[in-house]
Amino acid sequence: MKQFAEFIPLIIFFVVYKTVDIYAATGALMAATCVQMLVQWVRHKTLEKMHLVTLVLVLGFGGMTLFFHDDAFIKWKVTAVNGLFALGLLVSRYGFSKNLIQQMLGKELTLPDAVWDKANLAWAGFFAFCGALNVYVAFSLPEAWWVNFKVFGLLGLTLLFTLATVLYLYRQQPAQSTK
């Protein structure tokens with residue numbers, strides 16, 4: 001259920017875009033994200049760093065989109081989020097010797113550090129790729145294509161990459177000895 005709740009602002013953005021326009025959708029995204037964070041705070045008395053970063057970027061880029069009446073800002077938000085995720089993975093690993101992928105999944109899997117490093121680099125590369133792809137789609141194709149890409153394309157790519165990562169990590173597990 002928690003995973004579905006994460007997508008509610010995106011769904012609202014999509015529905016409002018299809019029924020009104022990009023500016024109304026941006027306002028709806030901003031409002032829905034604020035409500036989502038408020039509900040998270042009331043229920044858990046905490047906000048994850050990723051949620052805070054997302055909130056700041058949605059409000060910042062969304063606010064500029066509405067203030068300047070220029071949809072380029074909301075389109076750049078997707079690239080900024082992906083860029084920050086990529087940078088965060090790289091800086092945490094090479095600047096602070098903390099592998100975020102290993103920290104998220106290491107409780108369930110015991111794997112060599114080299115495997116975790118490959119997974120971390122792969123995710124950093126994936127986020128960088130998604131950010132670059134967003135720039136291409138946002139500024140080379142019609143707005144409606146970008147909205148569909150943002151809602152469905154990036155989600156599909158992320159699900160596929162997650163599956164690929166799980167398969168890779170599963171294959172790297174040491175063989176279980178049977179006695």
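Visitor: What kind of model is it, and how are residues numbered?

Guide: It's a predicted model, where local features need pLDDT of at least 70, side-chain atom pairs count only at pLDDT 80 or more, and totals for chains, interfaces and linings use all residues. Residues are numbered from 1 along each chain as its sequence is written, and side-chain values use heavy atoms, with hydrogens and water left out.

Visitor: Back to Ser-92, then. Where is its place, and what is it in contact with?

Guide: Ser-92 sits in helix H5, residues 72-96. Contact here means heavy atoms within 4.5 Å. Setting aside neighbours within four places in sequence, Ser-92 is in contact with Ser-97, Lys-98 and Leu-100.

Visitor: Let's do H3. What should its residues span at 1.5 Å a residue?

Guide: H3 covers residues 22-44, and its 23 residues should span 33 Å; the end C-alpha atoms are 32 Å apart, which agrees. The expected span is 1.5 Å times one less than the number of residues.

Visitor: What caps the N-terminal end of H3?

Guide: Asp-21 does, with a side-chain oxygen 3.1 Å from the backbone nitrogen of Tyr-23. The buried residues in H3 include Ile-22, Tyr-23, Ala-25, Met-37 and Gln-40.

Visitor: And just after H3, which residue takes a positive phi?

Guide: Lys-45, at about 55°, although Lys-45 is not a glycine. Lys-45 is in the loop between H3 and H4 and counts as exposed at 56% relative accessibility.

Visitor: What follows H4?

Guide: His-69, with a positive phi near 50°. His-69 isn't a glycine either; it's found in the loop between H4 and H5, and at 53% relative accessibility His-69 counts as exposed.

Visitor: How far does H4 reach from its first C-alpha to its last?

Guide: H4 has 20 residues and reaches 28 Å, close to the 28 Å expected at 1.5 Å a residue. Its buried residues include His-51, Leu-55, Val-58 and Phe-61.

Visitor: Is His-51 well tucked in, or what? Which residues does it touch?

Guide: At 5% relative accessibility, His-51 counts as buried. Not counting residues up to four places away in sequence, His-51 touches Glu-6 and Met-37.

Visitor: At what angle do H4 and H5 pack?

Guide: About 155°, with their axes 8 Å apart. Axes are lines fitted to C-alpha atoms, for helices over the stretch in contact, and angles run from 0 to 180 degrees between N-to-C directions. H4 and H5 are therefore roughly antiparallel; under 35 degrees would be roughly parallel, over 145 is roughly antiparallel, 65 to 115 roughly perpendicular and the rest oblique.

Visitor: Left-handed or right-handed crossing?

Guide: H4 passes H5 in a right-handed crossing. Among the residues making the contact are Leu-57 and Phe-61 of H4 and Trp-76 and Leu-84 of H5. As for the term, a crossing is left-handed if the near helix is turned anticlockwise from the far one by less than a right angle, and right-handed if clockwise.

Visitor: Switching to H2 and H8: at what angle do their axes cross?

Guide: Roughly 160°, and the axes of H2 (residues 8-19) and H8 (residues 143-172) come within 10 Å. That makes H2 roughly antiparallel to H8, and H2 passes H8 in a left-handed crossing. The contact includes Phe-13 and Tyr-17 of H2 along with Trp-146 and Val-151 of H8.

Visitor: Last one: where does Gln-173 lie?

Guide: In the segment after H8, and Gln-173 counts as partly exposed at 29% relative accessibility. Its C-alpha is 8.7 Å from that of Pro-112, 61 residues apart along the chain. Leaving aside neighbours within four places in sequence, Gln-173 is in contact with Leu-109 and Leu-111.

Note on methods: Helix = DSSP H or I, 4+ residues; strand = E, 2+ residues; numbered from the N terminus. Buried < 20%, exposed > 50% of the residue type's maximum accessible area, 1.4 Å probe, protein only. Polar contact = N/O pair within 3.5 Å; in protein donor to acceptor, adjacent residues only side chain to side chain.
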